[in-house]
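Colleague: I'm new to reading structures with several chains. Could you walk me through this one, a question at a time?

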Amino acid sequence: MNNALPKPRVAVHKFSSCDGCQLAFLNLGERLLSLAETVDILHFAEAGPIDEGAMVDIAFVEGSVATSRDAERLKRIRENSRYVITIGACATAGGIQALRNMHDSGEWLAGIYAQPGYLDLLPESSPIARIIKVDLELWGCPVNGEQVLAVTRALLVGHMPHVDQNAVCMECKRQHVVCVMVSQGKPCMGPVTQTGCGAICPKMQRDCYACFGPAIQANVSALSTHFAANGMLAREIAQRLLFINNQAEPFLGSGIQWQSQAAPNPTSSPGIK
Amino acid sequence: MNRQRFLPGERFQSLIDQLKSAGYDVVGPQVRDHAIVFDALAKVDQLPIGITDEQAPGRYRLEKSESRRCFDWATGAQAIKPMTFVARETLWQSERLPDGSLTFHETLVKTRPTAIIGVRACDLAALSIHDHHFMRGAHPDPLYSQRRQSLFLIAVHCMRSAATCFCTATGDGPRARSGYDLALSELDEGFILEAHTGRGLDIIVQLGIDEATVEQIERADAGIGQAAKQQQRILPVGPLQEKLVSAVEHPRWQTLNDRCLSCGNCTAVCPTCFCQTHVDEISLDGQQTSHIRQWESCFNPDHSHIHGIVIRSERAHRYRQWLTHKFGTWEEQFGRSGCVGCGRCITWCPVGIDVTEELAVLCKGLVNE
Amino acid sequence: MNNPFMPHEAEVIARHDETADLFSLQLRFTDPLIHSQYRFVPGQFNMLYLPGMSEVPISIVSDPDDVHIIDHTIRKVGSVTSNLGRLQVGDRLGLRGPYGRGWPVVDAENTDLVIVTGGLGCAPSVSLIEYVLRRQARYGRIHIIQGVKHSSDFIWRERYDLWRQYPNVEVWLTADTGDTLWPERLGPVTQFFDQLDIDPKQTSVMMCGPEGMMKAVVHDMQQRAVPGKRIWFSMERNMHCALGSCGRCQLGAKFVCKDGPVFNYDELAPYWGHKGV
């Protein structure tokens, strides 16, 4: 890229989220600084610069849409940005906070807050793509900073990159991680979960819990039936599906089905729709 | 001189040492993360002594065996495929210079002569297929070739089969027949060594060991025979290309659409699967790129993607592609089936789909289910 | 050992916009030795590379006897081809090739040719037509049949008009749907076959286009008793490494990148017409 040309402009916006995805960005450390030499970061509240209304080439959006003000702000971001890229489970699928979509959140608010009238809360927590057009979706709770960096570099050379949406399994195998499901009987979600994390959980002998959302054409029905045949309870299977990416299909549909088959749980909260 | 020699069990370390002094890095099987895997081997006690494997569709467990043998297990999580067809490697790099020109650089592979102890007959058969694929075509693969040429292979004839093994059905085992430098037969008291190459013979000579007795050789043969007899899984009588290609509309494929996870585990553990994807990695300043090859699977929709269309768009299409290729059209490409009977695709399928069962149904012809 | 996966630097010598999303690039290897040794046959393809993006297979449309010219006509269908469309004269890119088996231009000598194209800007068949028209003495009658979805998709009108003027050449054009000013026929390409005066034993059929159209043509030509080994088509698959290594372009027992992309019907008959093969 010719140095005489103006640097590409980047913004990182935050909506309803824990900031973990922005932190994943910051954790890139030195490499983030190198990136900062090739772009102008105009808005990134977590890191310092604030200019929410800036016109940019790439806008990264973290978090889900939970209030009516969020939706308005988001539309302005779309107008001001050439590419909008969602980062993380909240922005891409509604996040853990979207669990309330399956419940009567008004009742919850009344039970928790003395004066819920001060809250401007939409009935549902929504992924960004439900409100505006999104050019690329990056999954994960949190996102993989390396993946964000790779996507950014590709966009900077003018290329709309292809995000690998295949199952985690292939990455386990590329890293010679022994399958925790086959060798230890752990209920790993890897076969139905999108790759991108670097297989960090299986590498630590843990079963994947699907924080990168569903893999392309994920066969959730076959995997969950297999879990059930191996002794997992319907309620446990439902919890596995209705978790960080609870609004993403086919996790949502299948999770609701397993939930309906589950024995009633006496400790569950009231107000299930 | 090609007679079989006997290495007492307590002297196995001397084989490792001899290989090292002959200039080889030594790699051997060992237990890691609840499975047997190949890794650098310095000491004999790193080997899986007294360990055996219990395998079933979708299931792999290590257990204590009744013996103190080192190779009393059938197959590990991977064959030696990752040592020649590397899971992820840079093929070449490019650099954009300030004047706008573009340069390309070859990637140089650093290899050291490496001896692998414990290669099974099925894995050797698979390696020979990969040699054909990567080295004998119009465009030999320089990275594969260089790694392949650095290997010294020490086979172990199997004396035990897992429940998922079916190398007798493919004709590739349990006795290793070719493609190795040295072969071992393990007895309770030690190992029978036989050389298949001159450099293998050199190692045996330097060990200064006696000939094996006829009784020992007979006992080893009986052990190998027993491994063959333990196998239960069979394949339909081949050749299978025509049968499978004509089963293209068989209703069984649709049931696989429901059962298969399309996760690609079967292809990743298969010692003959060679599919790959090439991806670009861009440097921080955007001026350099690395063109990287990594393992891929025909179970990924991307695999058959052409501008906006996925040709094998359904899981059933992809399972059909894999099975039809592996057991059928492979024959036309390589002059033999792509299956060596190691059974890994059965064991390491998370939901335990058994290719031998599927083939039995598919090759019987069209039946109304 | 020479690394066959590695491209060589090439330079854009000329560029031309054919339509809004179709353009042509003329390329030259910057290493004169590589350029002088480069030879190809019609129907073969090259792999084009832009740094940081994937390689793309693009068929060669220039004439193999113009040894110093490597022409590509490219449709902007994705990110890489769109970026190729932004290249200007003098820009550099990666190039390797040629790959694959091209059209059976020698095998088809002394026969009548039926060249059927579906869709627009089908580069492999345009290069074939140009090739045989320049060497017309070697071939019999040449029937050129082109079908497009909508009449407005039709490009290169001048070329077709020129081809029509050759002796012993017939050009038949049709569109699935057309506006009122479309002077040609409406309907599928197969509608012309009844008017084709061909001797099935002395005819070579070559085609390029959507698989549905090719299926219909094969069916029709078989009815006319044209032998399967004389019915040829250029197949499209995911040609990714171009060396028969990566496995992505497999079609039955064939690696389309090295065994094809041009096949005759007999070679692919067992796989023909099944969804998702």
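Predicted model: local features only at pLDDT ≥ 70, side-chain atom pairs only at ≥ 80, totals over all residues.

Colleague: How many residues of chain B are in contact with chain C, and how do they divide into nonpolar, polar and charged?

Modeller: On the chain C side there are 35 residues, and they meet 43 residues of chain B. For the classes, Ala, Val, Leu, Ile, Met, Phe, Trp, Tyr, Cys and Pro count as nonpolar, Asp, Glu, Lys and Arg as charged, and the others, Gly among them, as polar. Sorted that way, the chain B side comes out as 14 nonpolar, 21 polar and 8 charged.

Colleague: At what angle do the axes of α10(A) and α11(A) cross?

Modeller: An axis here is a line fitted to C-alpha atoms, for helices over the stretch in contact, and angles run from 0 to 180 degrees between N-to-C directions. For helix α10 (residues 220-229) and helix α11 (residues 234-241) of chain A, the axes come within 10 Å and the crossing angle is roughly 145°.

Colleague: Is that crossing of α10(A) and α11(A) left-handed or right-handed?

Modeller: Look at how the near helix sits over the far one: turned anticlockwise by less than a right angle is left-handed, and clockwise is right-handed. By that rule, the crossing of α10(A) and α11(A) is right-handed.

Colleague: Which residues of α10(A) and α11(A) make the contact?

Modeller: From α11(A) come A234(A), I237(A) and L241(A), and from α10(A) come V220(A), S224(A), F227(A) and A228(A). By class, that contact holds 6 nonpolar residues, 1 polar and no charged ones.

Colleague: Why are α11(A) and α12(A) called roughly antiparallel?

Modeller: Helix α12 (residues 251-261) of chain A packs with α11(A) at about 155°, the axes being 8 Å apart. Under 35 degrees counts as roughly parallel, over 145 as roughly antiparallel, 65 to 115 as roughly perpendicular, and the rest as oblique. The pair is therefore roughly antiparallel.

Colleague: What is the class make-up of the contact of α11(A) with α12(A)?

Modeller: A234(A), I237(A), A238(A) and L241(A) of α11(A) meet residues of α12(A) that include F251(A) and W258(A). Sorted by class, the contact has 6 nonpolar, 4 polar and no charged residues.

Colleague: Which are the edge strands of the 4-stranded sheet in chain B?

Modeller: Two strands pair if DSSP finds at least two bridges between them. The open sheet of chain B has the order β7-β6-β13-β12, with antiparallel pairing. Pairing on one side only makes the edge strands β7 and β12.

Colleague: In chain C, which residue stands opposite M206(C) in β12(C)?

Modeller: The open sheet of chain C has 7 strands with mixed pairing, in the order β10-β9-β8-β7-β11-β12-β15. Within it, β11 (residues 203-208) and β12 (residues 231-234) run parallel, joined by 4 bridges. Opposite M206(C) stands W232(C).

Colleague: Last one: is R219(B) buried, exposed or partly exposed?

Modeller: R219(B) is in helix α7 (residues 214-230) of chain B. A residue is buried if 20 or more other C-beta atoms lie within 10 Å of its own, exposed if 12 or fewer, and partly exposed in between, with C-beta atoms placed from the backbone. R219(B) has 17 such neighbours, so its label is partly exposed.

Terms used:
Residues numbered from 1 in each chain as written. Chains lettered and ligands numbered in written order. Contact = placed C-beta atoms within 7 Å. Helix = DSSP H or I, 4+ residues; strand = E, 2+ residues; numbered from the N terminus.
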